[in-house]
Amino acid sequence: MATTDWNPILRAELEQPYFGALRSFVDDERRRHEVFPPAEDVFAALHLTPYAAVKVLILGQDPYHGPGQAHGLCFSVRPGVDVPPSLVNIYKELESDLGIPRPDHGCLDAWARQGVLLLNATLTVRARQPASHQGKGWETFTDAVIRAVDAKPERVVFILWGSSARKKKALVDTSRHVVIEAPHPSPLSAHRGFFGSRPFSRANAALEAAGREPVDWSIPPR
């Protein structure tokens, strides 16, 4: 993990036995299989969004497992990569909620640079094998990230989409922070309440109510 203001906060996690075992597991997986995202992008969410800047946390589950997709930010793909179905639905809701036209690419780093922590619960995956790196230690590490964000004195909005993300509500002090929950934006579940949930305007309203700067959710063209 490159030096960021997350380092002193997470140093104790990096020194835990589980994290050493996790690192060995991922190294071995990379020797034997194709693993996403590339090693230099595993902690991209923490590099792009300093701890001091976090105002919104969006929690995904696994990185994308198709070639060229994952680059360390949940739901995001680099410009030039086809926009995945879940992100298509996120963009539909963004347009419905705030009137922001659908972007021409799927890279969400503009959000990350404004304090939106785009965190996956599991930070690596074997190519074409979803959930293949679950239960190996990443969840312990990312729970520590969530607890660290919860410890911030200023209000943070936690956006939890889907049943696995919504379980993490237990880690959040809802007397200080705001949790916005909805079904997952996947085509399998988006029609069960993700559409119409208006997470972007609700997040900004919660930030403004606490005297914090809202997020500009528009995605600049590439």
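**Core, sheet and a buried lysine**

The largest nonpolar core holds 66 residues, and Trp6, Ile58, Trp111, Leu117 and Trp217 touch the most other members. Such a core is a set of buried Ala, Val, Leu, Ile, Met, Phe, Trp, Tyr and Cys residues joined through side-chain atoms within 4.5 Å. Buried means under 20% relative accessible area (1.4 Å probe, protein chains only). Helix H6 (residues 138-150) supplies the largest share of this core, seven residues. Helices (H or I, at least four residues) and strands (E, at least two) are DSSP runs, numbered from the N terminus.

This is a predicted model: local features need pLDDT of at least 70, side-chain atom pairs count only at pLDDT 80 or more, and totals for chains, interfaces and linings use all residues. Residues are numbered from 1 along each chain as its sequence is written, and side-chain values use heavy atoms, without hydrogens and water.

Now the sheet. Four strands form an open, parallel sheet in the order E3-E2-E5-E6. Two strands pair if DSSP finds at least two bridges between them. Strand E3 (116-120) and strand E6 (178-182) each have a single partner strand, so one side of each lacks a neighbour in the sheet. Strand E2 (residues 56-60) pairs with E3 over five bridges. Val56 stands opposite Val116 in E3.

Ile58 is in contact (heavy atoms within 4.5 Å) with residues including Trp111, Leu117 and Trp217.

Lys152 lies in the loop between H6 and E5. Lys152 is buried, at 2% relative accessible area. Its side chain makes a polar contact with the side chain of Glu154 (3.2 Å). Lys152 also touches residues including Tyr51, Arg176 and His177. A polar contact is a pair of N or O atoms within 3.5 Å; within protein, one must be able to donate a hydrogen and the other to accept it, and residues adjacent in sequence count only if both atoms are side-chain atoms.

Terms used
Buried < 20%, exposed > 50% of the residue type's maximum accessible area, 1.4 Å probe, protein only. Lists of a residue's contacts leave out its neighbours within four places in sequence.
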